[in-house]
Amino acid sequence: MQILHPFAGSVQQYNEQLSDPDSHRPGHCPQCQAKHPLTAHGFYTRTLIDTAFDGIIRVRRYLCNTCQRTVSLMPEFILPYLRSSLTVIALFLVARLLEGQTIAATVRTVAPPMSYQRGQFWVRRFRSRAEALCAALAALTQPAPAPDFVHRALTMLESTGWIAAHRFLFAGVRCHLLGWPRGLAPDGRRAALSSAAALA
Ligand SMILES: [Zn+2]
């Protein structure tokens with residue numbers, strides 16, 4: 001299971017504070033509700049592309065000694081199963097969908113440079129999620145007047161802050177800002193014993 005690591009700061013700062021297993025150790029198990037702190041259980045690595053970072057980060061894992069399941073402490077600046085940071089995705093979607101730049105222009109101007117296909121994928125996913133996002137985010141902020149759900153969702157995300165919105169959606173309602181990949185149940189649990197969903 002993935003839970004969010006409440007960390008605000010740069011990727012470099014995240015990497016530096018990761019060596020202390022006590023700093024964000026969960027005090028109880030979110031899966032079986034055992035009321036004892038979890039045991040540090042190593043790391044897994046994943047790729048991350050941020051505005052000023054392109055490489056591998058570590059994600060800390062903890063083990064519950066009662067149910068023997070692991071919990072990963074995922075930093076808030078990433079979305080599960082997506083390589084690019086939330087900041088990069090937000091910059092792209094705002095430039096494309098709120099400011100009306102073309103995908104071709106946006107992939108050239110957003111940092112770091114990226115493929116047309118990846119931008120197209122984010123736009124498609126965001127459009128299909130916009131109405132549901134408006135409904136979910138209404139618990140967090142006043143719905144803004146807007147010509148359509150895409151503009152309204154973007155305006156709501158800009159006013160709450162993308163990371164704050166992601167924290168609310170993920171921790172509160174197990175909702176993925178761009179939707180869970182195929183093969184996972186709606187709340188992100190693996191639906192079957194299929195191979196792990198690839199990072200898009
Ligand atoms: Zn447990």
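Where does Gln33 lie? I looked this up and found Gln33 in the loop between helix H1 (11–17) and strand E2 (39–50). Helices (H or I, at least four residues) and strands (E, at least two) are DSSP runs, numbered from the N terminus.

**Ground rules.** I am working on a predicted model, where local features need pLDDT of at least 70, side-chain atom pairs count only at pLDDT 80 or more, and totals for chains, interfaces and linings use all residues. Residues are numbered from 1 along each chain as its sequence is written, and side-chain values use heavy atoms, with hydrogens and water left out.

**Entry: backbone.** I checked phi for Gln33 and found a positive value of about 65°, although Gln33 is not a glycine. Its relative accessibility is 41%, so I list Gln33 as partly exposed. For that scale, buried means under 20% relative accessible area, exposed means over 50%, and partly exposed is in between (1.4 Å probe, protein chains only). Tyr81, also not a glycine, has a positive phi of about 70°. I place Tyr81 in the loop between E4 and H2.

**Entry: aromatic pairs.** I count 5 aromatic pairs in the structure. Rings of Phe, Tyr and Trp (its six-membered ring) pair if their centres lie within 6.5 Å; planes under 30 degrees apart count as stacked, over 60 as edge-to-face and the rest as tilted. The Tyr81 and Trp180 pair is edge-to-face, because the ring centres are 6.3 Å apart and the planes stand at 70°. Tyr81 is in the loop between strand E4 (70–75) and helix H2 (86–98), while Trp180 is in the segment after helix H6 (162–173), so this pair ties together parts that are 99 residues apart in sequence. I noted both residues as buried: Tyr81 has a relative accessible area of 14%, and Trp180 has a relative accessibility of 13%.

I then looked at Phe170 and Trp180, whose ring centres are 5.8 Å apart with planes at 45°, so I call the pair tilted. Phe170 is in helix H6 and Trp180 in the segment after H6, 10 residues apart. Phe170 is buried, at 1% relative accessibility. I record Tyr81, Phe170 and Trp180 as one aromatic cluster.

**Entry: charges over rings.** My criterion is NZ of Lys or CZ of Arg within 6 Å of the ring centre and within 35 degrees of the ring normal. The charged end of Arg174 sits over the ring of Phe170, 4.6 Å from its centre. Likewise, I found the charged end of Arg58 over the ring of Phe43, at 3.9 Å from the ring centre.

**Entry: H2 against H5.** How far apart are the axes of H2 and H5? H2 and helix H5 (residues 149–160) have their axes 11 Å apart and pack at an angle of about 140°. Axes are lines fitted to C-alpha atoms, for helices over the stretch in contact, and angles run from 0 to 180 degrees between N-to-C directions. Leu93, Val94, Leu97 and Leu98 in H2 meet Val150, His151, Leu154, Thr155 and Glu158 in H5; contact means heavy atoms within 4.5 Å.

**Entry: Leu154.** I place Leu154 in helix H5, and its relative accessible area of 0% makes Leu154 buried. Leaving aside neighbours within four places in sequence, I find Leu154 in contact with Leu93, Leu97, Leu98, Phe126 and Trp162. The C-alpha atoms of Leu154 and Cys134 are separated by 8.8 Å, and these residues are 20 apart along the chain.
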